[in-house]
Amino acid sequence: MRRGERRAHGGKAALEEQQQPPPPPPPAQPNGGAPGAERDGAGPRRSTESEVYDDGTNTFFWRAHTLTVLFILTCALGYVTLLEETPQDTAYNTKRGIVASILVFLCFGVTQAKDGPFSRPHPAYWRFWLCVSVVYELFLIFILFQTVQDGRQFMKYIDPHLGVPLPERDYGGNCLIYDPGNGTDPFHNIWDKLDGFVPAHFFGWYLKTLMIRDWWMCMIISVMFEFLEYSLEHQLPNFSECWWDHWIMDVILCNGLGIYCGMKTLSWLSLKTYKWQGLWNIPTYKGKMKRIVFQFTPYSWVKFEWKPASSLRRWLAVCGIIFVFLLAELNTFYLKFVLWMPPEHYLVLLRLVFFVNVGGVAMREIYDFMDDPKFHKKLGQQAWLVAAITATEFLIVVKYDPYTLTLSLPFYITQCWILGIILVLTWTAWRFFIRDITLRYKEIRRQKQEHRHEKDKCLSNGDGHSALLDEPNGSKLRERKL
């Protein structure tokens, strides 16, 4: 081809390239990022994570309002300082000063604290509970450093009805399901047990299942807590329940039904499509209302695969999670026992609401720390606080009533627990030490047998025999020549 033809051909190709229409814009990408976006910009999306399609709309609802909050807070403090007359009641001023200090700290934390793994309904909601965790832990530390009498009387500053010893209700006694001696209502024992704690058990285990996201772990914790109630009924009278109350009403009906409904919800959340649009980008009113309702569902979903038998690290982590869960459950009963709080008091309910909100975040942070240690190099802030709160609550129980905790277990219960601990330790040693050594020895032995078989096969073949013999002889001859 001549130079002119090549020049004309090149100009024609350039003209065709200029006339080609521009490529279409890329479609919406998973996780609200560009094509090939990585999770949080630091690694590929895990196989247990759902894909998220987000148009990236950033409305007023999602923006940080640090200056607005600071302005409102300053105006409120200025009003109290300049326009409100300070009362002469020292106790009232002390209470109001403590509450105001807590509110200022919550305002700072909601606007400035680090975001956690959850973003729905709003990241500020989870930052609020993180700050509440800090306040609650500081309150527990304060109670821990008081004398027993002063600590119990301090609760009167929160509620004047507290600070008085309360008798514990005994759930044992007559355990007949059908009482023929009662002609009015033979099933009165069942109706007596149907109190407000029955729906609390159901909803509690429904929410715990959403936190743990594993049927086996939920059932183990549920059954283990019933064994703990059997073992500790000599310490707390309200642990004394009828056998059918333990296993039929608690484990099968309340706990089991709550776990079943929780697993059905988890199945729906794992199959749900996570595609998010800005509210003003949705044309229909029905779509807008649906988008508002879905704002209170997770932004994305991660299926928890604990795999406790896969490694010793995961096995110890799962055992630690179960232990902390059971300890937090026991703290609920022992705290109200040593601080003289009735079971129906609003502080007991607030503590349960608190753990419902912080427990899910803590479990997600623990799972990320276990499953992806290269990306999550340290334990999450909420998980750290939950562990510290659980330990501090237990220390308060130990300090305020050591006599109850040191009541010796019955001999047969001690034997059962020793047997269970021995079985767990034996299985751990076999699964992660003896079994691995045995499998490694078998693998080495199998490789040696295969090598010996191949060598015998080569020796039985004439070519292989000569080749095997010539290799060392040839190398020796080369060494002699050198």
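**Salt bridges and a helix crossing**

Biologist: How many salt bridges does the structure hold?
Modeller: The structure holds 9 salt bridges. Keep in mind that this is a predicted model.

Biologist: What does glutamate 329 meet in a salt bridge?
Modeller: Its partner is lysine 208, at 2.1 Å, N to O. Glutamate 329 lies in helix H11 (residues 312–338) and lysine 208 in helix H7, so the pair ties together parts that are 121 residues apart in sequence.

Biologist: Is glutamate 329 buried or exposed?
Modeller: Buried, with a relative accessible area of 16%. Lysine 208 is buried too, at 15%.

Biologist: And arginine 446, what does that side chain pair with?
Modeller: Arginine 446 and glutamate 450 form a salt bridge of 2.5 Å, N to O. They are 4 residues apart in helix H15 (residues 411–460), so about one helical turn separates them. Arginine 446 is partly exposed at 37% relative accessibility, and glutamate 450 is partly exposed at 39%. Glu443 is linked with both in a network of salt bridges.

Biologist: Back to H7. At what angle does it pack against H9?
Modeller: About 40°, with the axes 7 Å apart. That angle makes H7 oblique to H9. The crossing is right-handed. Residues in the contact include Trp205 and Tyr206 of H7 and Leu257 and Gly258 of H9.

Biologist: Which side chain of opposite charge is nearest to aspartate 401?
Modeller: Arginine 152, 5.2 Å away. Leaving aside residues up to four places away in sequence, aspartate 401 touches Phe337 and Val338.

Technical notes:
Residues numbered from 1 in each chain as written. Predicted model: local features only at pLDDT ≥ 70, side-chain atom pairs only at ≥ 80, totals over all residues. Heavy atoms only, no water. Buried < 20%, exposed > 50% of the residue type's maximum accessible area, 1.4 Å probe, protein only. Lys, Arg positive; Asp, Glu negative; His and termini not counted. Salt bridge = Lys/Arg side-chain N within 4 Å of Asp/Glu carboxyl O. Contact = heavy atoms within 4.5 Å. Axes fitted to C-alpha atoms, helices over the stretch in contact; angles between N-to-C directions. Helix = DSSP H or I, 4+ residues; strand = E, 2+ residues; numbered from the N terminus. Parallel < 35°, antiparallel > 145°, perpendicular 65-115°, else oblique. Left-handed = near helix turned anticlockwise from the far one by under 90°.
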